[in-house]
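Subject: Structure handover

Dear colleague,

Please find below the structure I promised to pass on. My notes on it follow.

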Amino acid sequence: MPTYDYECQTCGHHFEAKQSMKDPHLTDCPVETCAGPVKRKIGVGAGFIFKGSGFYITDYRSDSYKAAAKKDSEGSSSSSSSSSSSSSSSSPAPAAPTTAA
């Protein structure tokens, strides 16, 4: 059952209530000395946790898309590895000497 947040319009009391979606909204504050009207606040909703396979967008890609993505990733990894190997063999430039004023 969903949990709804309510706020009393008279005393400002905040409270939560577990209700079915079919239940009518609460109308009275639960504080004994108040009994003012309450307003249901908009909640953030519940988080979902998907477990197992089949919940990722990549699981539903077409075969042609997967082939093009694989070709693209192979091409970009070979070019990045060649550039990284050339930069690792070179040494950094020496620092310029500083003069005291």
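**Notes on the model**

The protein has one helix and three strands, where helices (H or I, at least four residues) and strands (E, at least two) are DSSP runs numbered from the N terminus. Along the sequence these elements follow the pattern β-β-β-α. This is a predicted model, in which local features need pLDDT of at least 70 and side-chain atom pairs count only at pLDDT 80 or more, while totals for chains, interfaces and linings use all residues. Residues are numbered from 1 along each chain as its sequence is written, and side-chain values use heavy atoms, with hydrogens and water left out.

Of the 101 residues in the protein, 9% are buried (buried means under 20% relative accessible area, exposed over 50%, partly exposed in between, with a 1.4 Å probe and protein chains only). The accessible surface comes to about 8,800 Å², and carbon and sulfur atoms account for 57% of that surface; the areas come from the Shrake-Rupley method with a 1.4 Å probe, and for residues only the protein chains shown count as cover. Among contacts (heavy atoms within 4.5 Å) between residues at least 6 apart in sequence, 31% join residues at least 24 apart.

**Strands**

Strand 1 covers residues 3-8. Its covered face carries Tyr4, Tyr6 and Cys8, and its uncovered face Thr3, Asp5 and Glu7. In a regular strand the side chains alternate between the two faces of the sheet.

Strand 1 pairs with strand 2 (residues 14-18) in the antiparallel sense over five bridges; two strands pair if DSSP finds at least two bridges between them. Thr3 stands opposite Lys18 in strand 2. The hairpin of these two strands has five residues between them, and Gly12 there takes a positive phi near 80°.

Strand 1 also runs antiparallel to strand 3 (residues 38-41), with four bridges joining the two. Here Glu7 has Lys39 in strand 3 as its bridge partner.

**Side chains**

The structure holds one salt bridge, defined as a side-chain nitrogen of Lys or Arg within 4 Å of a carboxyl oxygen of Asp or Glu. The side chains that form the salt bridge are those of Glu7 and Lys41, at 3.8 Å, N to O. This pair links distant parts of the chain, with Glu7 in strand 1 and Lys41 in strand 3, 34 residues apart. Glu7 is partly exposed at 25% relative accessible area, and Lys41 is partly exposed at 37%.

There is one aromatic pair. Tyr6 and Phe15 are stacked, 5.4 Å centre to centre with 15° between the planes. Rings of Phe, Tyr and Trp (its six-membered ring) pair if their centres lie within 6.5 Å; planes under 30 degrees apart count as stacked, over 60 as edge-to-face and the rest as tilted. Both Tyr6 and Phe15 are buried.

Arg40 lies over the face of Tyr4, at 3.9 Å from the ring centre. The criterion is NZ of Lys or CZ of Arg within 6 Å of the ring centre and within 35 degrees of the ring normal.

**Loops**

Gln9 lies in the loop between strand 1 and strand 2. Not counting residues up to four places away in sequence, Gln9 touches Pro37, Val38 and Lys39. Gln9 and Lys39 are 30 residues apart in sequence and 6.9 Å apart in space, C-alpha to C-alpha.

Ala35 lies in the loop between strand 2 and strand 3. Although not a glycine, Ala35 has a positive phi of about 60°. Most residues other than glycine have a negative phi. Ala35 is partly exposed, with a relative accessible area of 47%.

Best regards
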